[in-house]
Amino acid sequence: MTTENSSSSENAGCSDASKTREELLEEIGQLRKKFARLEADNQSEKERNQTLSRAINIGYWEWDEYTKQAAYFSEEMAGIFGMSREKLYEIYKDEEDIFQFIHPDDLDHYIANLSAVLDPDHPRGLAHTFDYRIVRPNGEVRYVRELEYGVMERDGVIARSYGAIQDMTDIHELTQSRVQSERRYSSLFSQLPLGAQEQDWSRIKVAVDKLKADGIEDLKTYLVDNPGVLKELIGMISIVSVNDALLKIYGASSAEEYIEGEEDVTDWWDE
């Protein structure tokens with residue numbers, strides 16, 4: 001009787017051990033699937049970040065403030081400097097190694113901003129941003145914007161800084177083109193032999209949109225029937241600029257004098 005009970009007990013133990021092993025195998029399988037999903041998500045996120053970085057010309061870097069050496073350079077950063085990542089690592093081993101790529105006219109500005117995040121007075125966790133020009137190995141000049149962070153501290157001292165660098169050349173060129181276009185327009189406007197003025201009707205646009213939203217469909221009839229509203233709308237017009245020819249026509253001594261009189265609707269309004 002005792003022998004039978006002992007044998008039965010041993011079989012139950014083996015069954016429990018077998019069941020536990022099966023459960024462990026199933027758990028391991030689930031963990032592997034979970035790890036595979038996380039790895040896939042991580043790779044997908046990495047690819048998205050790289051695509052976005054290339055699209056907006058942003059590179060990333062990390063710097064060891066103890067050894068004063070690079071901890072990480074991204075492919076995009078190397079591309080901004082016009083070289084491979086391996087070449088950038090080979091050249092950029094010390095803080096001053098990058099000076100050869102900074103535009104000579106911007107070098108002092110760059111050095112003054114280089115370690116701003118290490119300043120005890122600089123708020124921790126806030127970026128320091130500054131613009132400068134770089135000169136690629138092929139001589140091409142690029143306009144860049146750099147953001148620096150320094151929040152990883154050890155015993156109150158920043159141990160590592162990191163940041164981003166963005167190629168702003170295209171934006172800079174667009175801005176310059178717009179400025180030049182505005183200058184050309186201003187020059188042509190001022191030299192026109194005919195009297196001309198530039199007006200801003202944006203406030204009228206907002207007011208008219210509100211009238212339409214309130215259910216006014218026939219705007220012309222409504223304004224004819226409500227001359228006070230029309231006068232109020234006309235009073236919203238602001239004069240941005242006038243040319244010399246117009247000032248001569250009206251005998252105004254300055255643009256300010258003309259604009260002051262013209263924007264006073266009551267002074268010239270005819271019912």
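Here is a walk through the model above, from its strands to its charged side chains. This is a predicted model, in which local features need pLDDT of at least 70, side-chain atom pairs count only at pLDDT 80 or more, and totals for chains, interfaces and linings use all residues. Residues are numbered from 1 along each chain as its sequence is written, and side-chain values use heavy atoms, leaving out hydrogens and water.

Strand β1 (residues 58–64) runs antiparallel to β5, and 7 bridges join the two; DSSP must find at least two bridges for strands to pair. Within this pairing, Gly 59 stands opposite Ile 165.

Tyr 162 has its C-alpha atom 9.1 Å from that of Ala 71, although 91 residues separate them along the chain. Ala 71 belongs to strand β2 (residues 69–73) and is partly exposed at 33% relative accessibility.

Next comes Phe 81, in the loop between α2 (75–80) and α3 (85–91). With 2% relative accessibility, Phe 81 is buried. Its C-alpha atom is 9.7 Å from that of Glu 140, 59 residues away along the chain.

Side chains of opposite charge can pair when their charged atoms come close. The rule for a salt bridge is a side-chain nitrogen of Lys or Arg within 4 Å of a carboxyl oxygen of Asp or Glu, and the count comes to 9 salt bridges. In one of them, Arg 136 meets Glu 140 with the closest N and O atoms 3.0 Å apart; Arg 136 is buried at 16%, while Glu 140 is partly exposed at 29%.

Helix α6 (residues 202–213) holds both Lys 205 and Asp 209, 4 residues apart, or about one turn of the helix. Their salt bridge has its closest N and O atoms at 2.6 Å, and Asp 209 is partly exposed at 35% relative accessibility. Lys 210 and Asp 214 also form a salt bridge, at 3.2 Å from N to O, and both residues are exposed. Elsewhere, salt bridges with shared partners link Arg 136, Glu 140, Arg 142 and Asp 167 into one network.

Conventions. Buried means under 20% relative accessible area, exposed over 50%, partly exposed in between (1.4 Å probe, protein chains only).
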